[in-house]
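Dear colleague,

I am passing on the structure below, followed by some notes on what I found in it. Please keep it open while you read.

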Amino acid sequence: MGVHSAAERVLAGLDPEQRSAVTAPAGPVCILAGAGTGKTRAVTARIAYRALSGDIAARHVLAVTFTARAAAEMRSRLTVIGVGGVQARTFHAAALRQVRYFAPRLLAGRAMPELLDSKVRVVTLAAAKVGLRADRAAARDLAAEIEWAKSSLVEPDEYAVAAAKALRETPYEPARVAEVFSAYERLKRGNGVIDFEDMLRAAVWGIEEHPDVAEQVRNQYRHFVVDEYQDVNPLQQRLLDVWLGGRDDLTVVGDASQTIYSFTGATSSYLVDFPRQHRGATVVRLVRDYRSTPQVVGLANAVISAARGAEARLRLELHGQRRPGPEPELRIFTDEPAEANAVAARCRVLLVAGTPAREIAVLFRTNAQSEAYEKALSEAEVPYVLQGAERFFERPEVRQAMIALRAATRSVPDGTPLRAAVVEGLTAVGWAPDAPPPGGAARERWEALAALVQLAEEYSANASSELAGPAVAGESQALPVPIGAAAEVEHPVTLVGFTEELARRAAQQHVPTVEGVTLASLHSAKGLEWDAVFLVGLAEGTLPTTYAKTPEQVEEERRLLYVGITRAREWLWLSYATARSPGGRARRPSRFLPQLDRSGGGERAGPGPARRAERRRPQVVSCRICGATLLAGADRKLGRCPTCPSDLDEALYERLREWRQRVAGAQKVPAYVVFTDATLTALAERKPARTEDLVAIAGIGPRKVGLYGDTVLALVAGAAVDDVCPQKTFEI
């Protein structure tokens, strides 16, 4: 195949906007990519197209992502296309490899400092040094403040002023936090360790202060791609700038409407200002959503359409490309336990209907909300995985399993298939591949170890695609391999090789998929997607949080909901409880839910006339099966949620349909004028025996009771259509 035809094949199947992104000329390119619009495909195809057409050499590309998983996916896609040699890494991984590579030159023979994997222990010691007794939670909050400051290029003596300007919610007085910050830096230096921000700064310093290092890095990397550009912080932008060294072959990809990490120092300003900072930049908008149904996309557009502020200038209106699906469900519950129990019950229904547990997620604003859902899912015997809580490789059962597998490398016979070897090794920790135990902690433990077996199967099938080893430093200016390239692994598909792969994944926190309903905060759900998504706790004070006081902070809360909505492929549930606990203080629905406001259920009550209007609100109708408040007119008629089990009397329903057809024909009116389909379904399910029962069905008023009441009651009682509907003209 010729070079030209290979490059053209990359364009096959791309939509017009993706094709524009792929074929944009060299130079600054900004791809504004909405949720589900195929941004990874577009940016991967851009790299491949340029490499296959001879415009660039793959080994000169550095693609920067924000997760190791995204980097691995990009490398895998490029390999499938036939483009190898591209370096796809996170900011931290790329910087670490470069610092390690150049350490002999930068440190004049001194050993490279050890890299802290967590700030918490050192922060705890630093707090004690300045007279603060910080428990683990306080130490985590202090560590987060230090990380924000360092990512924002703020020094300890500048912290108090910078925190005040940024309206930070600090765990202690800003001056005290600054003291802890200073003590933390002193402790690190004294112990010869560095943190991740130090490592980024070291990479910047190595290039800025050493011309030979700058020349070598810039000779190696000439073309840059940055994913999730709305999440870049000032320190990462500084590193990107020194990598570029004044050059402009830069492609950035981002979505301002998914800017949700400002509390970490991330800022969308670099994305928003990109066209102004890079004159003549090509800007492409990807708006065709291939992930979600049009119904989900429509709700996402409705929520984000009300956005204000700088990010709203780059707001994208998405266009759903999938076949239509169910409408998002909007639910109100009396209290949070009732909400959690209803969610667990619906998860159970989805599982029974065939939806895999790993394709269901329950998303909430804060991790503190997870407890009620953990309890409810356990009682419903639904397996779950808590995202972003205890790290997978730090769980006791996983650590024990890794020890057992290392021991098994000395006892399992050579030639044993990898899966069988792993299963045999796990017997030492009491795991067996038979039916898992019922829900709760035991089921969760079983699923975690089952994930290791699944990982072994994937590893056997594709062992060479993601394996990586320690960085290898070269001598020559013309490097035979890219800076920080990986060494080969000695045992690719044996149990020994698999244990080495597990150790690598543990170091990088590259976790396998565990079978279970995902419980996650909205922040940790970014970048993920599921078939079915529950967005829970959507009440004022929770989303938006009470800590969101400025217009900018409120807008970020709106974007959080937008991100949550766009995680759903097909089925979406949104809910809130009117009180935290039974009998508790009433709460209002989130202001970001326009459908709730329009539906007449859950309006915000205000003083004076607004309160009087609320008292005139129509009677609340609850689902007779799960207890949720029914909002849609059709659901109110049915007296149940559309997805709750139906007890429809099919024979009665057919009699009612035939009767309605005769009446509509006689009256020369459309059938729905007599009764809608929803009303017929409600009659066939609820089987009213008295006139009072008829009136209780929403949509059947006194007039229709007078016209059809006796006839309908007779049909419900078992009468034939011919008996109650002789061939005559009905007059109204």
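Which residues in α7 meet which residues in α9? From α7, Leu142, Glu145, Ile146, Ala149 and Lys150 meet Val177, Val180, Phe181, Tyr184, Glu185 and Lys188 of α9, where contact means heavy atoms within 4.5 Å. By class, this contact has seven nonpolar, no polar and four charged residues; Ala, Val, Leu, Ile, Met, Phe, Trp, Tyr, Cys and Pro count as nonpolar, Asp, Glu, Lys and Arg as charged, and the others, Gly among them, as polar.

Before going further, please note that this is a predicted model, in which local features need pLDDT of at least 70 and side-chain atom pairs count only at pLDDT 80 or more, while totals for chains, interfaces and linings use all residues. Residues are numbered from 1 along each chain as its sequence is written, and side-chain values use heavy atoms, with hydrogens and water left out.

The protein has 31 helices and 16 strands, taken as DSSP runs (helices H or I, at least four residues; strands E, at least two) and numbered from the N terminus. Of its 732 residues, 50% count as buried, where buried means under 20% relative accessible area, exposed over 50% and partly exposed in between, with a 1.4 Å probe and protein chains only.

To return to the helix pair, α7 (residues 136-151) and α9 (residues 174-191) pack at about 80° with their axes 10 Å apart, the axes being lines fitted to C-alpha atoms over the stretch in contact and the angles running from 0 to 180 degrees between N-to-C directions. The two helices are therefore roughly perpendicular, a term that covers 65 to 115 degrees.

Helix α18 (residues 396-408) has buried residues at Glu397, Val398, Ala401, Met402, Ala404, Leu405 and Ala408. They lie on the same side of α18 because they cover an arc of only 165° around the axis, judged by the directions from the helix axis to the C-beta atoms. The face turned away from that buried side carries the exposed residues Arg399 and Ile403.

Two single residues may also interest you. Arginine 50, in helix α3 (residues 39-52), counts as buried because its relative accessibility is 6%, and, not counting residues up to four places away in sequence, arginine 50 touches Ala26, Asp55, Ile56, His223 and Asp249. Threonine 681, in helix α28 (residues 677-686), is likewise buried, at 17% relative accessibility, and, leaving aside neighbours within four places in sequence, threonine 681 is in contact with Leu638, Leu648 and Tyr653.

Technical notes: Parallel < 35°, antiparallel > 145°, perpendicular 65-115°, else oblique.
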